[in-house]
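This report examines the packing of a single protein model. The sequence and coordinates are shown first, and the discussion follows.

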Amino acid sequence: MAKFLSCFVLAVLILLATCSNVAVSTASPRRSVKEHRRLFEERSAGRDISWVMKNGKIFYPVGYGADPSGKLDSSDAIISALNDAYKATSNITMLNGISDLGGVVIDLQGGQYKLTKPIRFPPNAGNIVVRGGTLRASPDFPTDRFLIELYAPTSKHVNASGVTSSPAYHYEDVTFEDVLFDAGYRGGGLFVIDAVRVRIDNCFFIHFGTTGILVEKGHETFISNTFLGQHITAGGDPHERNFSGVAVDLASNDNVITDVAIFSAATGVILRGQANVLTGVHCYNKATFFGGVGVLVKLAGLGQTRISNSYMDWTGIVMEDPVQVHVTNAFFLGNAYILLRSVKGQISGLNIVDNMFTGDGTGVPVIQLDESNGPFRNIDQVVIDRNNVGGMKLKSTVARKSVAGLGSKWVVDFSPELVFPCRINNVQYSLYVRGPHGRRFPVHAVTGVSNNSVTVESRKIVDGVVSMVVDQNLMLGETLLM
């Protein structure tokens, strides 16, 4: 019996030891938070996410069949993802019945997607973000369309001259960020019409055959931290004379372009709307010498445009009948200048002040007139002053000069300095009599103002210095008397 009990106890002890070893060998080791995170990232990186269509309100076109390698057409897949995102509508509305989608995101996940047709956003929705990837036009992409279009079926294009207002808005708070738009020299990059508060940030537009960004009607489209160029170049391109297209066309009001570089296009920015702001814009799209224009202010008679702290790099600014346009703190390089073009012969409320112009020493005027359609006849409230030049010819509406000599007549010619021909509105002068003639007090007066020259005469012959300031500015309601 004792022998049996000893064997039984021994068996129990062996069994307990075996179970203990099994428990120890199968227990999960204790891991730190960093180790758990590392394992999670490794498993996530190795996971095939092509089946993932959405995560909360983030929609992944790859999950709808989009090809992130850019080999296959992804148009329908992206459109499907967009349509599903629109189903996230709520009872909350934005402007004019626009549905608030609650910040839905179309996440391109860093892929490159070929498009054979435009991605056209359905109307009447807002609070949408498209981010993080590349859209490339296929060789058969329509040449009259854009990669992405915020374009309602009821919207009507504006004419070439410009726009005054929108009858309705169809989009609000749509954001494009960190997206490269490659139009493949076919159509354009992005078209926005009848929308408000659209943001285009940290984007890159290349190879547009027509226009990089076109905005029609609506207002408050903000373009920032963005690069645009028809061709990939960093300046001095041997084919620069052949650049075509427009980088940004704003046929819309109240928009802002800030911290944007335009490196190739026939025209950098066209402004066909009112109250637009450009600041920190660098245009080296096509040299004036080759027919390029940096900024074209085209809405004749209704400008209300502000251009500040910008860099016109071998390409200038053209304004058609500018009204309430302000250009300040800009730098013009390479004989770049400002051209005032007459359409109906009107200029009002134009300020061009505190700018720098640098040229090659050939004496190109910094302000020039194009009166091929007729002369400027209605000119008021124009101040062109306090600019400085290097290697170019300074032109202003305010000029200062002194002439000296022994005689009774002094003629001061301001035609080389003044912007407008045969136009002096105000004259101030002093006559300083030098030497022994200084004890005399001669009678003197302005006796003539003609062809931007002013004549001063005295009754006696004196050794005199005539110092004079003239101004072409005419305040609203004033009449040109000289």
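In which strand does L250 lie? L250 lies in strand β13, which spans residues 246-253; strands (E, at least two residues) and helices (H or I, at least four) are DSSP runs numbered from the N terminus.

## Basis of the model

The model is predicted, and local features require pLDDT of at least 70, side-chain atom pairs count only at pLDDT 80 or more, and totals for chains, interfaces and linings use all residues. Residues are numbered from 1 along each chain as its sequence is written, and side-chain values use heavy atoms, with hydrogens and water left out.

Buried denotes under 20% relative accessible area, exposed over 50%, and partly exposed the range in between, with a 1.4 Å probe and protein chains only.

Not counting residues up to four places away in sequence, L250 touches V215, I223, N255, I257, I270, L271, R272, G273 and N276; contact means heavy atoms within 4.5 Å. The C-alpha atoms of L250 and N276 are separated by 8.5 Å, although these residues are 26 residues apart along the chain.

## Nonpolar cores

A nonpolar core is a set of buried Ala, Val, Leu, Ile, Met, Phe, Trp, Tyr and Cys residues joined through side-chain atoms within 4.5 Å. The largest such core has 94 residues, of which F121, L135, F176, F181, V295, M319 and I338 touch the most other members. Helix α3 (residues 75-86) supplies the largest share of this core, seven residues. A second, separate core of 14 residues includes F414, L431, V454 and V470.

Leaving aside neighbours within four places in sequence, F181 contacts L135, L147, I148, F176, G189, L190, C203, F204, F205 and I206.

## Cysteines

C203 counts as buried because its relative accessibility is 2%, and C283 counts as buried because its value is 0%. With a disulfide defined as a pair of cysteine sulfur atoms within 2.5 Å, the count comes to zero.

A search of the whole structure finds one cavity of 30 Å³ or more. A cavity is a set of points, on a 1 Å grid over the protein atoms alone, where a 1.4 Å probe fits but cannot get out; lining residues have an atom within 4 Å of a point.

The largest cavity has a volume of about 70 Å³, and its lining consists of I78, L82, I106, L108, I119, F121, V130, L135 and I148. Elements α3 and β6 (125-137) each give two or more residues to this lining. The lining divides into nine nonpolar, no polar and no charged residues.

Key. 1 Å grid on protein atoms, 1.4 Å probe; cavity = no way out; pocket = protein on both sides within 12 Å on 5 of 7 lines; lining within 4 Å. Points joined across faces, edges and corners; volume = space filled by probe spheres on them. Nonpolar A, V, L, I, M, F, W, Y, C, P; charged D, E, K, R; others polar.
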